[in-house]
Number of protein chains: 2
Amino acid sequence: MRRGLEFKKKARIIIVDDNYEHLNGVRELIEIESDFDVVATATSASVAISLIKKYRPEIVLMDINMPEKDGLTAIAEIEKLDLGVRTIALTGYDDPDLIFRAMKIGAKGYILKTMASAQLIYAIDEVAAGKIYLPNTLSSRFFEYFQKSFKEELQSISDEENLLNYLTQREEEVLDLLTQGITYKGVAQKLFISETTVKTHVNNIFQKLQVNDRTQAVLYALNNGFLNKRKVKIAI
Amino acid sequence: MRRGLEFKKKARIIIVDDNYEHLNGVRELIEIESDFDVVATATSASVAISLIKKYRPEIVLMDINMPEKDGLTAIAEIEKLDLGVRTIALTGYDDPDLIFRAMKIGAKGYILKTMASAQLIYAIDEVAAGKIYLPNTLSSRFFEYFQKSFKEELQSISDEENLLNYLTQREEEVLDLLTQGITYKGVAQKLFISETTVKTHVNNIFQKLQVNDRTQAVLYALNNGFLNKRKVKIAI
DNA sequence: GAAGATTTAGACCACATGGTCAATAACTAA
DNA sequence: TTAGTTATTGACCATGTGGTCTAAATCTTC
């Protein structure tokens with residue numbers, strides 16, 4: 001255990017949990033089973049934030065399920081401070097949406113309260129060593145959720161129902177400029193054609209996309225992967 | 001090993017790799033070290049796809065680094081077929097961008113060629129059992145990349161430089177309706193105020209966002225996290 | 001209670017936008 | 001070669017949009 005940390009100074013930890021009993025349980029566990037240094041504890045997110053500013057710990061163990069200011073928002077705030085503090089989310093639920101949001105806002109680890117104590121120590125070890133750690137079961141859940149959301153996104157885009165596919169090349173060029181907030185006059189200049197021509201194209205675009213004005217056209221384009229079309233093709 | 005699969009039928013596998021030697025290496029490995037059934041192999045992505053349609057394997061081992069049609073595009077196509085085929089990416093590089101893109105398009109696992117053979121078998125086991133599997137080292141890389149991209153996205157948004165923050169509540173409501181492509185008249189009806197009032201609000205919005213028309217305003221709103229604001233506040 | 005911000009509203013004007021009809025040139029594809 | 005699609009342009013008109021100025025009612029905040 002504690003691989004590669006033998007010669008480093010002990011990682012300093014702050015524990016945040018509104019459940020006082022559980023807070024002390026975790027504290028004792030860490031003090032007995034590891035040689036990390038619990039420098040402070042808090043039972044609310046707002047107190048935690050000021051303690052973090054004061055003590056500048058390496059690690060924060062943050063309970064996610066708290067009243068008033070919830071743990072996720074707290075993690076987001078801590079990340080925003082940009083103090084290099086690494087936060088591990090601690091919760092009773094393995095809800096993939098929770099896991100996803102936690103990782104999204106910058107949590108460096110996510111541990112269930114029901115997991116073995118060794119797992120917690122190991123997670124802290126890893127995170128203290130600069131890694132991001134998710135237990136296999138949770139990372140599996142995360143990826144399922146991650147892929148599901150992307151799949152839905154792709155499906156909604158690459159449909160044959162996508163009216164954008166009916167646009168001609170020139171119309172796409174015009175729409176592209178519209179999605180940059182350019183006027184008739186501007187488009188005409190950029191494409192070296194008359195303003196009237198642009199209007200014709202724009203009207204045809206409206207017909208094909210079944211909308212009444214540029215704003216709706218731009219929104220349709222954006223919501224149906226107009227920009228992505230190129231990006232996805234090139235980037236995937 | 002092979003936990004929980006004792007009574008299921010052997011998973012059928014197709015291996016795809018343009019390197020013939022490596023292909024056979026992997027094949028032998030699987031045939032010797034596991035009891036999976038390698039039903040076919042292919043040295044190109046296009047051949048692989050037709051084989052997959054024919055054999056309907058449970059698992060596909062796909063080399064990512066291939067000429068012509070590359071492995072990632074192939075995985076995307078396989079996913080689009082929606083045959084329930086589960087693909088594991090196989091490559092020499094642990095480039096986080098590659099890992100990210102592979103998982104994004106639906107790969108159920110990602111293994112390095114340099115990894116121990118036991119690791120490969122284990123990965124197939126897990127994926128065959130319906131899980132998504134990434135070795136810890138790779139999942140760590142994935143998450144770093146994942147968080148970095150989100151951090152950049154958030155930073156560009158949550159700036160104090162975000163002109164959206166200067167909008168009053170009412171102006172936000174109006175802008176919200178504009179981002180749905182609604183006209184003056186429509187907004188007036190929705191908010192139970194006169195059209196003139198809407199125009200006043202809209203003009204103020206333009207001033208504050210430093211734009212000249214609704215399209216630009218909508219684009220500014222969308223590019224600077226206007227929709228996210230609520231979602232993030234409420235949903236995170 | 002006074003100062004300030006916010007929300008409401010009208011009037012007036014210039015111009016951008018959207019709708020429709022017609023017509024030519026060019027480049028496919030049958 | 002012919003029919004069809006695409007790209008181009010003009011004219012005309014109704015209306016939506018954006019700019020500016022003024023002003024009252026309401027709500028905060030000190």
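1. Helices are DSSP runs of H or I with at least four residues, strands are runs of E with at least two, and both are numbered from the N terminus. A residue counts as near a molecule or strand if one of its heavy atoms lies within 4 Å of it. With those terms in hand, α9(A) provides the largest share of the surface near DNA strand D, namely five residues.

2. This is a predicted model, in which local features need pLDDT of at least 70 and side-chain atom pairs count only at pLDDT 80 or more, while totals for chains, interfaces and linings use all residues. Residues are numbered from 1 along each chain as its sequence is written, chains are lettered from A and ligands numbered from 1 in the order in which they are written, and side-chain values use heavy atoms, with hydrogens and water left out.

3. Around DNA strand D there are 17 residues, and the closest are T168(A), S194(A), T196(A), T197(A) and T200(A). Where polar contacts are concerned (a pair of N or O atoms within 3.5 Å; within protein, one must be able to donate a hydrogen and the other to accept it, and residues adjacent in sequence count only if both atoms are side-chain atoms), a side-chain N or O atom of T197(A) is 2.6 Å from a phosphate oxygen of this DNA strand D.

4. A polar side-chain atom of T168(B) lies 2.4 Å from a phosphate oxygen of DNA strand C, and for T197(B) the corresponding distance is 2.8 Å. Of the atoms of DNA strand C within 4 Å of the protein, 68% belong to sugar or phosphate and the rest to bases.

5. On the arrangement of the two chains, chain B can be laid on chain A with an RMSD of 0.8 Å by a turn of 180° and a shift of 0.8 Å along the axis, the superposition being by least squares on the C-alpha atoms of residues with pLDDT of at least 70 in both. That is the relation of a two-fold axis. In chain B, the C-alpha of T215(B) is the nearest to the axis, 2.7 Å from it.
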